[in-house]
Amino acid sequence: MNFLITGGAGFVGVNLIEHLNNAGENRITVLDNETLGKREHLEGLSASFVHGDIRDRDLLDKVLPGHDAIIHLAADTRVMDSIVDPSFNFDVNVNGTFQLMEAARQAGIERFVAASTGGAIIGEAEPPVHEDMVPRPLSPYGASKLTMEGYLSAFAGAYGMKSVALRFSNIYGPRSFHKGSVVAAFMRRALKNKPLIVYGDGTQTRDYLYVGDLVKGIVQAVDAGVSGVYQLGSGQGTNLNDLIRRIEAVMNLTLGELPVQYEDFREGEILHTWCMVDKARDAFGFNPGTSLDEGLARTWAWFQEQK
Ligand SMILES: NC(=O)c1ccc[n+]([C@@H]2O[C@H](COP(=O)([O-])OP(=O)(O)OC[C@H]3O[C@@H](n4cnc5c(N)ncnc54)[C@H](O)[C@@H]3O)[C@@H](O)[C@H]2O)c1
């Protein structure tokens with residue numbers, strides 16, 4: 001299959017391309033504007049690189065034809081940035097995704113797989129969250145991904161596009177050095193001997209999914225040709241204080257040795273979220289098999305190599 005991967009130079013993209021290459025798949029084009037991911041991140045991997053923006057329709061019309069499937073990862077990904085500048089977030093995540101879908105439709109590309117999000121779409125709700133819950137986003141980022149899901153559904157209904165939204169939970173793993181997400185931020189600060197910053201009292205719960213399990217799930221969804229919305233998470237909730245203890249263990253530190261600075265809880269963030277993954281398991285055999293301790297150990301090993 002001939003893949004076009006938007007945002008392919010980013011954290012999930014590079015891990016996905018490594019996984020596809022290992023499975024013998026080399027027909028991959030990456031489209032990325034290098035705001036966060038850089039083409040150097042693809043060194044040693046087999047993929048052709050196009051520098052460009054998903055909002056540039058002329059470029060899309062040149063690059064898209066000839067591909068069988070689009071895996072759409074490019075986005076303005078940070079919840080807090082979206083609260084500061086909702087217009088920019090809308091432009092990239094809603095307008096950009098719409099341009100991409102329109103260009104895909106006109107290029108006759110039938111498969112469209114898009115990265116969506118779990119907690120940020122559903123909002124504050126009793127976990128475990130699942131695909132049948134009514135979404136009530138608390139941030140512009142969550143709203144932009146929900147709008148994207150609306151267009152995925154509409155393009156399936158109106159034009160027969162085989163579209164799927166994969167709602168990722170909190171992804172962590174190697175190649176995440178530039179990420180603001182919690183595991184990456186903690187490991188970066190630990191490397192610099194700086195205190196970990198926790199917003200709130202650390203009892204908030206998240207669903208941490210190892211990136212290796214995520215990229216397998218993405219490819220399983222493509223291969224199975226499924227449509228609709230699927231959550232990809234670990235299926236387990238872990239609170240932040242527990243996560244810190246586990247990180248201390250993989251760093252061979254004693255409990256409480258990592259300094260933690262507690263600050264005010266941030267508006268727009270969700271207190272507790274973790275998800276059910278039964279739908280993805282039943283539909284395409286998704287199996288988040290890497291334990292949190294094993295995933296953290298692999299991630300820490302990678303961060304240490306970057307020192
Ligand atoms: N990492 C997570 O925990 C997580 C959780 C839920 C959803 N997601 C979604 O998964 C996708 C991938 O996330 P990631 O963690 O790899 O993020 P990332 O920031 O590492 O990668 C995103 C990539 O998109 C590129 N990009 C941004 N704007 C662009 C534009 N206008 N045109 C072209 N390229 C552009 C960036 O340069 C970057 O390389 C995103 O859609 C994100 O919203 C990620």
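This is a predicted model: local features need pLDDT of at least 70, side-chain atom pairs count only at pLDDT 80 or more; totals for chains, interfaces and linings use all residues.

Mentor: Residues are numbered from 1 along each chain as its sequence is written, and side-chain values use heavy atoms, with hydrogens and water left out.

Trainee: How many of the 10 residues of helix H7 are buried?

Mentor: Helices (H or I, at least four residues) and strands (E, at least two) are DSSP runs, numbered from the N terminus. Buried means under 20% relative accessible area, exposed over 50%, partly exposed in between (1.4 Å probe, protein chains only). Helix H7 spans residues 182-191 and is largely enclosed by the rest of the structure, because the buried residues number 8 of the 10.

Trainee: Which residues of H11 make the contact with H7?

Mentor: Helix H11 (292-305) is included in what covers the buried residues of H7. Contact means heavy atoms within 4.5 Å. From H7, the contact draws on Val183, Ala184, Met187, Arg188 and Leu191; from H11, on Leu296, Thr299, Trp300 and Phe303.

Trainee: Where is Thr290 placed, and with which residues is Thr290 in contact, leaving aside neighbours within four places in sequence?

Mentor: Thr290 lies in the loop between helix H10 (278-284) and H11. Its relative accessible area is 17%, so Thr290 is buried. Leaving aside neighbours within four places in sequence, the residues in contact with Thr290 are Tyr210, Asp213, Gly295 and Arg298.
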